[in-house]
Amino acid sequence: MNDLPIDRDNDIEQAIDKVPVSVIVPIYNAASFLKTCLKSIEMQTLVNYEVIMVNDGSTDNSQAIAQQFAERDDRFKLINLNANCGLPGARNAGVKEARGSYLLHLDSDDFWLDSRTLEVLYTTARLEGADILRFNGRNYENGELGTTVISSFNAVNISLASNKALWVFRSVFLFFFNRRFIEENQLSFDENCNIGEDGIFLSKALPLA
């Protein structure tokens, strides 16, 4: 039998994209809104993704709800932490288990309005070669959508220093990360700080992107 040429770069690229995106959902006593969050992921048009649900020692019905999604859809994976580690620890545990070439955090009390969210983010990040892609969200209170979370502007391939509109470090769930960028820069959430961990993480990540 004749030997066939081996395209190792192509093999690696295909292996990476077997799971294009990993969505990490930290969960702690979120039973009242968890289904809405997970259903908004389940309805996504990007078929090939994974969801890492990290149950951070919940004492309500959160684990049972997450387990239902894991049992009916093999893209959903449930991790149960032995004790309450806090939000940074739960995020780090999710990243450790993730296999996707891109990473995205979605808090359990948040949800996506658009079924094309993952498809658009993934396609845009790849086309633009982005280390980090920032997008926007809307405030939601008493069943009604309100104002946008952050000020909107369009920009491609800019640095943190070039635009003060990027100096808003709130809400890590509004950022789409290239996993290779995260690993190369050894970025993780500070588990000694349970308040404002988003800002600390982003203040380390954005200047490097």
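## Surface and overall make-up

The chain has an accessible surface of about 11800 Å² (Shrake-Rupley method with a 1.4 Å probe; for residues, only the protein chains shown count as cover), and 47% of that surface belongs to carbon and sulfur atoms. This is a predicted model, in which local features need pLDDT of at least 70 and side-chain atom pairs count only at pLDDT 80 or more, whereas totals for chains, interfaces and linings use all residues. Residues are numbered from 1 along each chain as its sequence is written, and side-chain values use heavy atoms, with hydrogens and water left out.

Of the 209 residues, 43% are buried (under 20% relative accessible area, with exposed meaning over 50% and partly exposed in between; 1.4 Å probe, protein chains only). The chain holds seven helices and eight strands (DSSP runs numbered from the N terminus, H or I of at least four residues for helices and E of at least two for strands).

## Helix H5

Helix H5 covers residues 117-128, and its 12 residues should span 16 Å at 1.5 Å a residue, which agrees with the 16 Å between its end C-alpha atoms (the expected span is 1.5 Å times one less than the number of residues). Its buried residues are Thr117, Leu118, Leu121, Tyr122 and Ala125. Seen down the axis of H5, these residues fall within an arc of 115°, so they line one face of the helix (the arc being that of the directions from the helix axis to the C-beta atoms).

After H5 comes Gly129, with a positive phi near 65°.

## Salt bridges

The whole structure contains nine salt bridges (a side-chain nitrogen of Lys or Arg within 4 Å of a carboxyl oxygen of Asp or Glu). One of them joins Glu42 to Arg72, with the closest N and O atoms 3.0 Å apart; Glu42 lies in helix H2 and Arg72 in helix H3, so the pair ties together parts that are 30 residues apart in sequence.

Another salt bridge joins the side chains of Glu197 and Arg91 at 3.3 Å, N to O, and links distant parts of the chain, with Glu197 in helix H7 and Arg91 in helix H4, 106 residues apart. Glu197 counts as buried at 4% relative accessibility, and Arg91 is buried with a relative accessible area of 0%. Salt bridges that share partners join Arg91, Asp107, Glu197 and Asp198 into one network.
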